[in-house]
Amino acid sequence: HITNLTVSWPSGIGYYNVGSANNPNSIAYRLQADHQIVAAGHSLSGQLLVASKDGKIYALDEALGRVNWEFSVGSSISRSPIGFINSVYVISDNNQLFKLQADTGFPDLNWPLGIADVDHFVAASQSKAYFIDTLGRLVAFDRKSGSRLGQLPVGGYDIRFANLLTDRIYLVNSKGTIQCVRELGNPQPYFHADAIEDMVADSKESPGKKETVNPFGTPVESDDPFTGGVIAPDDRDPFGGGGDTDPDNGDPFGGGGDTDPDDGDPFGGGV
């Protein structure tokens with residue numbers, strides 16, 4: 001897993017190794033888990049998220065290498081955890097979906113604990129998270145409550161693809177077909193980085209909230225429903241739009257004494 005700050009990878013004996021992006025020939029630090037780590041990590045707001053085969057999720061401070069928190073879902077995990085805004089989505093090997101709070105690792109109390117029959121994450125928008133279930137259906141969950149908002153049959157797309165950059169849903173099969181689906185109200189892609197811009201605005205308006213600095217643009221907001229596009233061109237699905245952002249802030253390494261929050265390189269190498 002590569003960020004502006006680090007290059008990290010798992011090993012078969014339970015280590016997760018982290019090196020500086022500017023000096024990948026050396027190991028900055030490593031996590032020793034209690035079991036094998038078979039999936040790449042993910043990053044979110046200054047943390048590296050790592051899952052192990054014994055069902056534990058670890059959040060590492062990307063700057064310091066310490067474990068901020070860990071949480072066990074009770075069954076093995078072979079997929080990468082997905083971090084989005086202030087949440088971590090985890091799918092266990094028995095196809096249960098968990099949503100954790102990125103800052104504490106505690107389960108989101110507004111969500112059911114372990115939604116059954118979920119296979120993999122595909123995308124997320126301002127108000128929804130999209131997954132493929134074990135029956136091959138595209139399912140939309142409300143990001144706040146975890147309620148199921150709707151579903152579409154998309155059988156035949158047998159290659160897993162997770163879009164970690166925008167709200168666009170890519171359906172891919174081994175016969176060479178790629179289909180891109182979007183919410184009707186988002187003609188322009190909603191970049192996940194723009195969600196951090198939302199958090200900055202919220203923190204400035206609300207006293208006591210941390211401010212974060214992010215150079216990205218403004219989000220596209222919409223209340224229009226989601227449509228199946230080519231799959232179901234005349235159907236309007238009840239996946240309503242809207243915006244949901246919560247503040248989260250992570251501060252990377254602070255490269256060589258440089259504490260400028262706009263400097264994306266903690267190792268002193270610049271951006």
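I number residues from 1 along each chain as its sequence is written, and I work with side-chain heavy atoms, leaving out hydrogens and water. For this predicted model I require pLDDT of at least 70 for local features and pLDDT 80 or more for side-chain atom pairs, while totals for chains, interfaces and linings use all residues.

**Entry 1, sheet β1-β2-β3.** I took strands as DSSP runs of E with at least two residues, numbered from the N terminus, and I called two strands paired if DSSP finds at least two bridges between them. The order β1-β2-β3 makes an open sheet of three strands with antiparallel pairing. Because β1 (6-10) and β3 (29-32) each have a single partner strand, one side of each is left without a neighbour in the sheet. The twist from one strand to the next averages 15°; axes are lines fitted to C-alpha atoms, and angles run from 0 to 180 degrees between N-to-C directions. I found four bridges between β2 (residues 15-20) and β3, and Val18 has Tyr29 as its bridge partner in β3.

**Entry 2, strand β9.** I looked up the two hairpins that contain β9. β8 and β9 run antiparallel and are joined by three bridges, with Ser87 of β9 as the bridge partner of Phe84. Two residues lie between these strands, and Ile85 takes a positive phi near 55°. On to β10 (residues 97-101) I found five bridges, again antiparallel, and Tyr89 stands opposite Lys99. That hairpin has five residues between the strands, and Asn95 takes a positive phi near 65°.

Next I checked burial, where buried means under 20% relative accessible area, exposed over 50% and partly exposed in between (1.4 Å probe, protein chains only). Five of the five residues of β9 are buried. Ser87, Tyr89 and Ile91 point one way, and Val88 and Val90 the other way. In a regular strand the side chains alternate between the two faces of the sheet.

Five bridges join β12 (residues 128-133) to β13 (residues 137-142), and Phe131 has Val139 as its bridge partner.

I define a core as a set of buried Ala, Val, Leu, Ile, Met, Phe, Trp, Tyr and Cys residues joined through side-chain atoms within 4.5 Å. The largest one has 17 residues, and those with the most contacts inside it are Tyr89, Leu97, Val118, Phe131 and Phe141. Two or more residues each come from β8 (82-84), β9 (87-91), β11, β12 and β13. The largest share, three residues, comes from β11. Apart from this core lies another of 14 residues, including Leu44 and Trp69.

I then listed contacts (heavy atoms within 4.5 Å) for Phe141. Leaving aside neighbours within four places in sequence, Phe141 touches, among them, Leu97, Trp111, Ile115, Val118 and Phe131.

Asn173 sits in the loop between β15 (169-172) and β16 (178-181). Why does Asn173 count as buried? Because its relative accessibility is 12%. The Asn173 side chain has a polar atom 3.0 Å from the backbone nitrogen of Lys175 and reaches the backbone nitrogen of Gly176 at 3.1 Å. Beyond four places in sequence, Asn173 is in contact with Gly156, Tyr157, Asp158 and Ile159.

Note on methods: A polar contact is a pair of N or O atoms within 3.5 Å; within protein, one must be able to donate a hydrogen and the other to accept it, and residues adjacent in sequence count only if both atoms are side-chain atoms.
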